Amino acid sequence: MTVEGLPFLVSAPGKVIIFGEHSAVYNEPAIAASVSSLRTYMLVSQSSDDSIELNFPDIKFDHVWKRKELEMVLRETQLLAEARNDTKNLNNVLVDKLNVILEPLRESLHYHAAFCFLYLYCCLCPEITNVKFSVKSTLPIGAGLGSSASISVALSMAMLRLGGQLLDKPVLEAADKACINEWAFIGEKCIHGTPSGIDNAVATYGNAVLFQRSADGNTSFRFLERFNEMNIPMVLTYTGIPRSTKTLVSAVRDLSEKYPKIVSDHIIRAMGELASESESILNSGSTDSDANYQRLLDLVNINHGLLVSIGVSHPGLEIIRSLSIEMNIGATKLTGAGGGGCAFTILNKDTPNDEVEKFKAQLSKQYKYLSFTSDLGGLGCCMSHTLSLDQRKTVNPLFDNEATVKEKLNEALLPGSKKVSLSWIY
């Protein structure tokens, strides 16, 4: 069945962990926030030949599945209904059947993207055909910034809309976002196996969330309702240094077992206290108080120091921190697993823009780091109405050209920007 209302766009942001990485593993609270200017954009458009297509040039993946290739799964209507009714777990029978189809990709880097795509398609819009999903991202892929969750949220939105469960209307209501988040969690399970649910929650709802895992493995969330009023300026820097989250988490566990009174009883617990202490600041709805803002910067510095003490920083991350101190522009902390990856710098109040640009330029010129200026928090997932002919003239070239730079995407499409004419639904 073909579909009306094409083409349209969907989008979802990435995230940073502000406080509590590593300590969250030990059931301490942590806080994560969206980075609204680093986003996944997905164009859903008409294709041909009774097929569906996923085009994702950032990972050099473009694949077309003919309807007849998927028939062995799509004819199992009872199985698909069972999978559709369970938004907590993957359906093992459906997983096995999709793995037969995906066998040629089994050993490739593209397998998890294809698996997530087909699982959500089979559950949410299996009757739809002749549709192309084109993905562009301003998020660095594999940098610990929630790129997979951002993509899972975008896919879930697109397929819920194609399946008629998400309507083209003025706003996304609470029930809509809850449904998107549930299916994005399933998408994350396709990619990661046992996700916490944090990344997809932030990509769906935006702004910031305090989360804490309990002893039974469940994770509780508390959204910081006034965080979107804060407008905290930040530079996010990606070192490009590869790291293994699994290895880093394991090393911290070894250290905590070797020195439990020091690491577990004091350092890890102090990280949790930092997250709790910061909640009142981050949910105050204002950065007008100089004292409160300085407390936030202090907590960022302390948390970074604690992370250094358990061995998860890296000389490449310390370069960023040292430069921010030398230039006196703000407080810098690693975010995510550490060992490379990313760091963010919360800027001092009234830091001149030319100083920020010098900071970014020096990191780029000397170390080839990528830096992005953004406010912390901001809009979560959103979608467009059906694109008009004039809008298609702007949007289509962005997705047709593989070399489209990230700045061009945000200039034309960034949700919430006063410079963007496209009307987003959120």
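A residue is called buried when its relative accessible area is under 20%, exposed when it is over 50%, and partly exposed in between, using a 1.4 Å probe and protein chains only. This is a predicted model, in which local features need pLDDT of at least 70, side-chain atom pairs count only at pLDDT 80 or more, and totals for chains, interfaces and linings use all residues. Residues are numbered from 1 along each chain as its sequence is written, and side-chain values use heavy atoms, with hydrogens and water left out.

**Helix α7**

- Helices (H or I, at least four residues) and strands (E, at least two) are DSSP runs numbered from the N terminus.
- In helix α7 (residues 198-205), 6 of the 8 residues are buried, so the helix is largely enclosed by the rest of the structure.
- Those buried residues are Ile198, Asn200, Ala201, Val202, Ala203 and Thr204, and they pack against β1 (8-19), β2 (30-46), α5 (147-162), α6 (174-192), β6 (208-213) and β7 (219-223), where contact means heavy atoms within 4.5 Å.
- Gly206, which follows α7, has a positive phi near 75°.

**The open sheet**

- An open sheet of 4 strands runs in the order β9-β10-β8-β11 with antiparallel pairing, two strands being paired if DSSP finds at least two bridges between them.
- Because β9 (330-335) and β11 (370-375) stand at the edges with a single partner strand each, one side of each is left without a neighbour in the sheet.
- Strand β8 (residues 233-238) pairs with β11 in the antiparallel sense over 6 bridges, and Val235 stands opposite Thr373 in β11.
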